[in-house]
Structure formats: structure tokens, C-alpha cells
Number of protein chains: 4
Amino acid sequence: MSLTVAVAGASGYAGGELLRLLASHPHLRVTTVTAHSNAGQRLIDVQPHLRSLAHLDLVETTAENLRGHDVVFLALPHGASGAITAELGDDALVVDCGADHRLVDEDAWARFYGGDFYGAWPYGLPELPLAGGGAQRERLRDARRIAVPGCNVTAITLGLAPAVGAGLVAADDLVAVLAVGTSGAGKALKPHLLASEIMGSASAYGVGGVHRHTPEIQQNLAAAGGDDVHISFTPVLVPMSRGILATSTARVRDGVTEEELREAYGRAYDGEPFVHVLPAGAFPRTADTVGANTALIGLAIDLDARRLVTVTALDNLVKGTAGAAIQSANLALGLDETAGLPIEGVAP
Amino acid sequence: MSLTVAVAGASGYAGGELLRLLASHPHLRVTTVTAHSNAGQRLIDVQPHLRSLAHLDLVETTAENLRGHDVVFLALPHGASGAITAELGDDALVVDCGADHRLVDEDAWARFYGGDFYGAWPYGLPELPLAGGGAQRERLRDARRIAVPGCNVTAITLGLAPAVGAGLVAADDLVAVLAVGTSGAGKALKPHLLASEIMGSASAYGVGGVHRHTPEIQQNLAAAGGDDVHISFTPVLVPMSRGILATSTARVRDGVTEEELREAYGRAYDGEPFVHVLPAGAFPRTADTVGANTALIGLAIDLDARRLVTVTALDNLVKGTAGAAIQSANLALGLDETAGLPIEGVAP
Amino acid sequence: MSLTVAVAGASGYAGGELLRLLASHPHLRVTTVTAHSNAGQRLIDVQPHLRSLAHLDLVETTAENLRGHDVVFLALPHGASGAITAELGDDALVVDCGADHRLVDEDAWARFYGGDFYGAWPYGLPELPLAGGGAQRERLRDARRIAVPGCNVTAITLGLAPAVGAGLVAADDLVAVLAVGTSGAGKALKPHLLASEIMGSASAYGVGGVHRHTPEIQQNLAAAGGDDVHISFTPVLVPMSRGILATSTARVRDGVTEEELREAYGRAYDGEPFVHVLPAGAFPRTADTVGANTALIGLAIDLDARRLVTVTALDNLVKGTAGAAIQSANLALGLDETAGLPIEGVAP
Amino acid sequence: MSLTVAVAGASGYAGGELLRLLASHPHLRVTTVTAHSNAGQRLIDVQPHLRSLAHLDLVETTAENLRGHDVVFLALPHGASGAITAELGDDALVVDCGADHRLVDEDAWARFYGGDFYGAWPYGLPELPLAGGGAQRERLRDARRIAVPGCNVTAITLGLAPAVGAGLVAADDLVAVLAVGTSGAGKALKPHLLASEIMGSASAYGVGGVHRHTPEIQQNLAAAGGDDVHISFTPVLVPMSRGILATSTARVRDGVTEEELREAYGRAYDGEPFVHVLPAGAFPRTADTVGANTALIGLAIDLDARRLVTVTALDNLVKGTAGAAIQSANLALGLDETAGLPIEGVAP
């Protein structure tokens, strides 16, 4: 089976990563790539690492150019995908890597994003354990619209959902700090993203509860079974292109043991092809997930601080964006969930 | 005035940084440098960046070689400095960059370090605000023995002590996650410190309350006025040689405003030459402190999470080690506290 | 078809990269992994990025453990592979990533390596254009023994061979300087390879004609048709894990134009799946080849200096080692030459 | 003595580095800082590492604002300084870090830069050995106008001038390849300078004799005594903020020995405070020069290739720009040549 694919926003990092993965997907074949300011150029001139897609030219991101494909992946700035999907019709599977269709709560949308609210689509985090049992995966089969999670959100959600869902930790005073690579900030020309500013330096941003990923984390942990979810979440930009290492902590309920916690994580993730819980004493490195759709989780209880500490590593462009999009599309299309998705990280 | 100085452990990173700073100190003159396995070599062959000290040769780290100087700086593995200082006599000012004389509590020593307990010395963090008023600075004047704080400890302590001391936050559920450069781990040959393993990767270590800096943080925050201090503290190794960015959070007491918090930080640090609180909305980068004895602090309240979030940047080898050592020595010797200490970071 | 594979030296970087690529090879299946000091451990504990090979355990590198496979890949220190292959018998295809079977000239071996000389095997650089016409590829079909080139050698050879072979440049005064990532130096614990020493720094090594790759470059360029080949070759270690960017220059013969040079490169590489010559004015980045078996070449004539300057980018662990090994094995086994080999680089 | 200083272009990297060094200069006191798009802001908001200059505000870069100071440093784009200096009058010492007053040859200016030609000023490379004996230093005493060299130029010139000047190598076929940090490219927002593009990657630019620094290198080596100077010069951008490592090669004349070469370098640089030739077998790292006005040179003869290979390390922002400017100003003002200039690099 070969399905045709269009990728909108093909000149950015998320779009480029979709194309890198799709180039070796056994069933999906990219036939259209669109861009905004780079429309008219050859794809290879903008994304020189995509050698086997050198025959493609970038066209304008319009509904007309995107129509007529079996699958459309959108890697557009927030606001842009919401506007264009209304024009796409229902024939294609549409997978949005942006924020426009993630949030269920219109108030949260208004507070953190603003502008038109487009409503939530099935959420592309197949491994999310749900309060009533089962996982988000089931909601993606036969979906025609999918909203891909934010990269920081995926790292924190995977790291905390099993403990929150099992009621082993308090959900109302979560604290997460993430070391994040620069590609998550995209290709836009901003002074603080210049190489000279980033190399040899670490800096925090979105401090104090203002980061847009906050309500999405709350939504996920509530879906997993958390009551009254509150989280202090601080991303720290560090000198690497890819990767998120999320250190997420939660107050452990009295008497809860590491064994109980490991059982909860096992129930959530045993058998998952892309999410792995490391043995006691082991904690992941982001390098082990680079280029792969893999998330690795380590955990420990700090007895003195009475907190669970989980450390989750993933590649923001793969499991955090493009890989999650393809994994979800595979589910929606009835393909093997793992088709076209690398498991081995490119380390060192 | 010119005082003679010996530096023990001159082939390591902390020793090298002491020498880099001392090379342009107006009143201190290095006459002896000692090492263990590198003894017998020229200093310049081991520390090729110390061009103006090219005339010095490394001799064995023995009490005999260290005696007869006005000041002795020790940059030795923990356990080693405790053993040698007993032999040094009381003529010299001895400043220990290791852990041996930091902890007051012998039980904490036994639990986190083990081996002989040498007892605590005056603690070399001049800016530490004390519960009874005033700062640690006063305890360093005329001191003959000084214990320099651990680098992670300094970052967290500076970031939380004013809030904890003023009772504006709860001290019993602190959470800190630090992005740390590799030089803090020293020059020892460990596989996970190879460049190929570090570049492009972030990883956590000492997770779950086992890091040796934990009791020292508790000791400091108690000195600042904190009751029942508990902290979950996770260092994350990121791809940079120098720098610590500590994101430290604490539950804000009901009704406390950012203005009250800023007043508390102002009381603690206004007028300090090396510790600066940034204005609202600004958060520091480690690059701005590289090579300097400067610590920069940004802070915000996360209203939804009801937590104070402080972000502290410093150079682990300077304000985190060698600079703190020299600053404390300046105080003990009655010199200008800032003598020989850069304020401007080497950025970009 | 499924062939069994053993990888010797599976705990190092070259071995790890062989395994990463083999994990998704359609016809080769790794059944044995061997190591020296890590024997007895689980592979996943030593190479935590190889999630889908988590079932494998490391055994001792002995002839006994390596026998009985269809293909044996050796990623061993030089000297070690020569010794063990004599014991392997002729049933298996043996592909050596080390230096032991690269050099034809015993004197060159003695001068640059020393120790036992094992004799040259068919050389695993399929794209090498040969003086008499055709390419090295033909010599690899049905081979039972293959010597994989050195990574620096491949970069320089691909960059200069077409010009040298076509007689458009003088071969007797070549100059190449390479920016190289640290993984080429392997996982051995050497002080200058510590992350703190590498990050933020560039340094040259093997300066002045002493680098062991020198005779191999001469051998290749002679095979391509060069007379009296002499090359000054300097590798510069730069702060990245993977990648080689070789800037290789040669004196252009009088009257030679860039058009003639481009024709020669076109004759050599047009149609190659893994070697691409960029259009005029374009020069490659190593990032575009990370994790891929791709080599990218840019070229220009410096009219004032009368030199051809070529810039070649590749991933030292893939096209420079493990990818070349698998590509050559594919040829020897009669498989599709590109089987299991990524073309798209992992960028950014 | 305290002289007043204005720095034009204070918001860029060169301007920032001038300020960092001037902040601790014993005789120079910065009273005015100017900028273009950042005029009106506080300096500390644009250069947050310059804590002790937090009292300064950025004003417009106009002749009026620059007049009335003892020294004016210009760190402006080429073309801009030439235009403004005509308006400054002769009272102040004017030191230009840009290209406008470096080239003697108007044709070379027209070919590589274009636009108005402003004529050459005394050239700020004090250590440059001159053909007739002596060094460039003498031409800087009492100068009222100084043109600071380009950073790549300084690295290549220092590395080759003694050999070229002594006639021990041929000047007509020089080849240099430089690993350069990103700060040399400035703070302008260019896509290829984004951190995500630079980290983990090396790339060449200005390939094929088109780099603007080429005629300046030829001018310097001719001044040192070279006949018919031709050089192929390729800068390679590598993932570090600061530093240049120049590998420069030249054909050795028949019979010349390393001893003769070392004597020539000794004659040129022995006693220099900032330029050091390393012993045989030693080659420099850029890290050893970070933040310092130091240049380190290693050299070897490649007997087979019959080329001298020199490796020169320096910090492009210090010895390559701001340090050279201050060193030259010290000479022109009759101050100690080393005043305010660090010798020790900030390593690791």
C-alpha cells in the first residue's frame, strides 16, 4: 500500500523531521511539500540533509496545494493550521503538529494563546494512560484529525501520568524543570538563538507559569486521573540541537514505595514499543533518543524530600513532534504503529 | 603588600582556576604549586592556559611543601585536605575548596561522605544572609581556616536563602533542578565525561536525594532561618564546560506577593558586589558569569502553582569554587573583598 | 534472505554504529556481539541507545565465539583483528573496520603502525575511481574479506581522487586539513578527550606528516591514477561528536577550468547513491550527513592561489566506518548496495 | 592617569569585548557607548555580562557623541567607520576594529570590499616582523589613527610571517585552513548562524579565494619580506563561540631544517608578552587563549610533503580584535603595552 502525503511547513525543523522520517516510511510517499517564504525553492536547497527528496519543490502553503492527498501533515505556526484545515475537507487524514487543536478548554486557549479557538482533535499521544483504563491509542484508530502534543508536554506527561493516574502522588504541587535543545524553538531568527549566545550557556525561559504548554500538561494529567492538577514548569535552554530531559517531581503519598510506583509505570508502559522504564538506579541521556521515536524514563523516590523524581528523555523533533505525528497517523490508517519509526538513537 | 601563596591540587580544574585568578591578584603571589600524579612536571605542561605562571614547577602535595606560606589553598579530593591540614600549623590562612570542613553535623558527614570527620570551619559564602541578621561575611574576617562551599550548594543557597529566611516560603518542600557544566565533575577519567558522550546530550545524576551536596544546602538554609528544611535536588549534566543554572522552587505562603519577595532579596543582596537580582521578567544566562565571580538571580511567582521560582546563574569554578575561595581569603586577610576577582563574564 | 552476523568490538563507537545500522537491515540479523573488558554485560547497559537489541549479551571476543556466522564485522584496535582473522576460516564474509588489512606496502605499515603485517584485503571504498576506469566497487563483489578505509582517508580520497585521477591537478603537493568530531578517537579514556577539554576548543593533532592515515591516502590516490603523491594532512579536533569536514587542496594544472573539474567529478560520482557533488557556490555541512551513509562534496578553484579547493562532509562513524562496512558487505553478498543504509542526515 | 574613552558599536560582539577589557583597564575609563538600533537602551540590557558598566546608556553612533574623548574605539560594519572618522578631528586617538583602513592597495579594496576607499592607517599588529628588521610595534608609538587587523588575518600572519620573512619557505603557494568560532561572524541574524544549525556541525565558507581577508594576509606577508605572496585560505565554522585555530602551511625551501625555522620564530617572538612558540611536538588549543590576548604557535616540518605546518590559536575577539585594539592603543598612548590585557586563557 502506498498513500500520498503532503507536508505543510516543510522548510522548518518539524517539517524537515517529518520528511526525514517519511522518506523511509514503507507505506507513505511524500508528493507535496509546502512553505511560506521559501515557496518556489527546491526542497534540497532549504533542507540539504534530505538527499532522497531532492526531486521535490516547495510550493505555497494553500488549501488547494494540500488537497487531494491521503494524509496531510501540518507543521505550521499556531493559528495557521486552524485556519487552513477548515478548507481541507474530510477526505484526508490531517495531522497537526501545532497547538491549534490540542486544548479542550477554550478559556485556557484564550489565556495562553488567544485568537480564534478551533476546538480539540483526538490527541496524538498513544501511550497516555487514561483514568478509566486503557490508553489514548484507542482514540486514534480511524481518527481523521489528530493533534500532536507539544514536545515538553510529552516529556512531562509520560514521566508523571502513571504515578498521578494511580493516585500514588499528589497532583496539586508538581514541579518540572526541563533541559531542552534549541530546535524546539524553531528556525525563526531570534537573537537569543544565535549559536554564539547558546554555546557554553544555559538559560531559563517562560518562567513563572507563563509557558503555553502548561494547560496542556494539566489536561493530560487530568485525563490520566489526576485531581486538581497544578504544576510549576520551567524549561531551560541548553547547548544542544535536539533533546529534552525532563526532571519531574511529585509529592509521594504517605507510605507509597518505589515498588508500587514501578508497578504503576509497568502497567502503563510494559509492552510499549517506544516508551521504556529503566531499572532502579538508571537514568536516561537524551543522546540515546536522538533521531528515534523512543522515550526513556528513570525514576527514584527521594525519601527525605518525600518526592518522586522522574527523568524522561526524548528527541523533541521525533517522539516530541514528527515521530508522534507519524505514529498516530499509522494508528489512524490501520498500519503497523511502528512503521517508519526508528527505535535506536543516534549516539554518540 | 605581597603575601605568598601555595596551591595544592594545582593540576585539577579548581586548582587551575585558583591559579588563573591569583595570577592577576594585586596582593597574593603564588610561589608553590603542588600535585599528586603530575608532581615533577612544569605547571605550564599541565595547565597550558596559565602562561604567566610558566616558571612554576609542580611539587608533591605534602605538608612540608605547603608550610611557610601566608596562604594555602587546598583543591584536593575530599578526605585529602582534612588529613593534611592537621599538619599545617596555625601560621597560614588555610582555605579548603573540598568538602572536608563544610558540614557541622557529623551524622550527615557519615551518611553522605563517610571516613574521618574533621569538623566544620568558617563557611566561605560571604553573602549568606543569617537568621539573626547580617551575613556570613562577618564570620570570615580574621578567620584562619575557611571551608569553601560546594558549587551547586552556592547556586541553590543564594537563590532560596532570602525567601526562606524571611519566612515567605515553606522550607519543607523545596525542589531544585540544576543545569551544570562538566568541569564541576573534575578532570578524572570517567567514561560518561568523554566529550563524545556529553556533546549533544543531557543527563541527570545523583537523583533521588543521594547527592552529597544535599545536607550542605539544608545547613545553609537553616542558618538563613529555615525550619525543617527538605529539598529535592537534581543536577543535570549539560554540554558546556562551565556554569550552573539552578532553578529552585518553594511553596509560597498564602498572600505573599512578588513585591515582598523582591524586598527580601533586596535586603539580602543590595550593595553586594558579586550577587545581583535581575528586574522582573529577566532571567540570567550562565554565559554572563563565565570566568567571573558574579552570581545572577531572576525570580517570579507562579500563581497557579503557588510556587516561587528562582533562577540563579554562576560559574561553578569561580563563584562556585575558586572565586569564593579568594573572596573569603580577601576578607580573612583584611584586603578589599573584591581584589583580584573579575565581575564581567566572558560572553559570548 | 536472513544472514547471521557477529560484531566484534560491540562496546566501542564503531561497533555500536554497526549495530545501530544492522538493527534495521532487511537481510542481516545480529546474533552475536563480543567485547573485551565489557564481556559478560548486557549490550543495552553498555550501548543504551540500542533498544531493539536489548536481548543481546556481550561475550568475549574469541575466534570461537565469532565462528559460525555468515558475516563477521570486526571493530577492534589495530593489531587485534589481524590476529583473530587467521582463526576464522573461509566460510564467513569478514569485514574489518580496523587498519590491519588496508595497506599494501609493508614498509608503510612498519613505519606508521609496526608489529605484524597481515597483508591487504579488498578495500571497502566502492566509489573510489580507478586509474584504468571503473571503480573499486567491482573488486568487492564476491569478496570474502574486506578492509574498511579510515574515516579521514575516505573524506580526503573522495574529495581529491577525481581531480588527481584525471590529471587536472598536481598530486605531489596536496594539502588537507580536516575538522573532525571526537567519536573518531574512540571511547578510550584519554585526558584530552574529556568533555571539559573539548567543548569550546579546537586543537590539531598528528601534525607534520606523522598521522597513520597518510600512507593510506597516498595508496588510494595512486590507485586513482596519481603520480608521486605527497600530502600534508592535519586533523583538527573540534567540539562535535560526529563528522568530518575535509578541506583538501591541490595545485591546478595550467589552463584547467572549473568546468573540466566538474566534469571529472561527474564522471566519478554521477549516479552514486551515497556521494554527491554540490552545485557551484555550495559547500556542505557535516550536519547534513549525521547518521547517514552520505558524503557531500563542494569544490571551487582559487584563481589567485591556483589551487582546487574541495570540501567533503561525511559522518566518520557511518560513511567513514560502519556504513562503508555494510555497503561493502552488501556488495560482497550480492545484496542491494544500499540495503540498511540511511541517506538522510539527522539535521539539525 | 585616567583617559576617557568612547566605544562605538557597543552592542555587538567586538564592542562588547572592548568594554569587557576596558572595564578593568588601569588608565582608560569608558564614558560613552554608542549603538545603532539599540541606542536608547541601557548597556546592561544589551550586554548583560558587563555588570560593572551597568550605569552606561547606549546613545546614537554620531560624530557628535564620539567627540571630546581621549580615545575612540570603533567597532562598526565596514564602510561605517570610514565615513565617521573624517568628522572626528585629530584630538582623539581613533582605533578602528573594522576593515576600512587596513588595505594599502585601493584595487584590492575595490575588488574585495567596494565602495569608498579611505586609505590605510598604521596597522595594529605590534608583533608583525618587518622585512627591514624590527616589528610593526614601532609604527604604532604616537600614532593617532590605528587600523586593527582582521581576526583570521592575525592568526595566519603570526603563524607564517617569520618563516616567510626569513625566506625559509616559498610564499607563492601558501595554504591555510582555519577552524573558527561563530562570534567572528557577529551578532547579525543569519539563518546559518542559528544554534541549531551550528551545534554538531562544521561547514566551510568563503571558499575559493573570495574571502575578504585574503588581500590583507598578502599585504602582511609582503611587509614581512615575502615575494609574490599567494595563499589559499579557507575558514571552517565549528561549534564554539570563540577561537581561531589556523593551520597554515608553506613549501619549505630545500635543505631548511626545523632548527632554522625555530630560530626564525624565536627571533620574531622571543620576549613578546602575548605571542608564544610552543616546544617541538606541542600544538595549541584555542581554549588556552579564551578571553586572553595570547596567541600560541606550534610548528612542525612534514618531511614527506616538504611543507612547514604551523598551528596558531587565538581568541578572535581578543588578540583577533579587541585585545589588539587596546594593545595598540596602549602603545600609541605611551602606556605599558600590556595594560588591561589578560594573559591567562579561561580554560576549561
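How far apart do the C-alpha centres of domain 1 of chain A and domain 2 of chain A lie? They lie 23 Å apart. This is a predicted model, in which local features need pLDDT of at least 70 and side-chain atom pairs count only at pLDDT 80 or more, while totals for chains, interfaces and linings use all residues. Residues are numbered from 1 along each chain as its sequence is written, and side-chain values use heavy atoms, with hydrogens and water left out.

**View 1. The two domains of chain A.** Domain 1 covers 3-149 + 319-333 and domain 2 covers 152-315, with bounds from an automatic or database domain assignment. Contact (heavy atoms within 4.5 Å) takes 29 residues from domain 1 and 35 residues from domain 2.

**View 2. The area buried between the domains.** About 2,500 Å² is buried here, and carbon and sulfur atoms give 55% of it. Buried area is the accessible area (1.4 Å probe) that two parts lose on being put together, summed over both. On the domain 1 side, look for A:Tyr13, A:Phe112 and A:Lys319, which lose the most area to domain 2 and together make up 28% of what that side buries.

**View 3. A salt bridge between A:Arg137 and A:Glu272.** The closest N and O atoms of A:Arg137 and A:Glu272 are 2.7 Å apart. A salt bridge is a side-chain nitrogen of Lys or Arg within 4 Å of a carboxyl oxygen of Asp or Glu, and the rule finds 3 across the interface of domain 1 and domain 2.

Key. Chains lettered and ligands numbered in written order.
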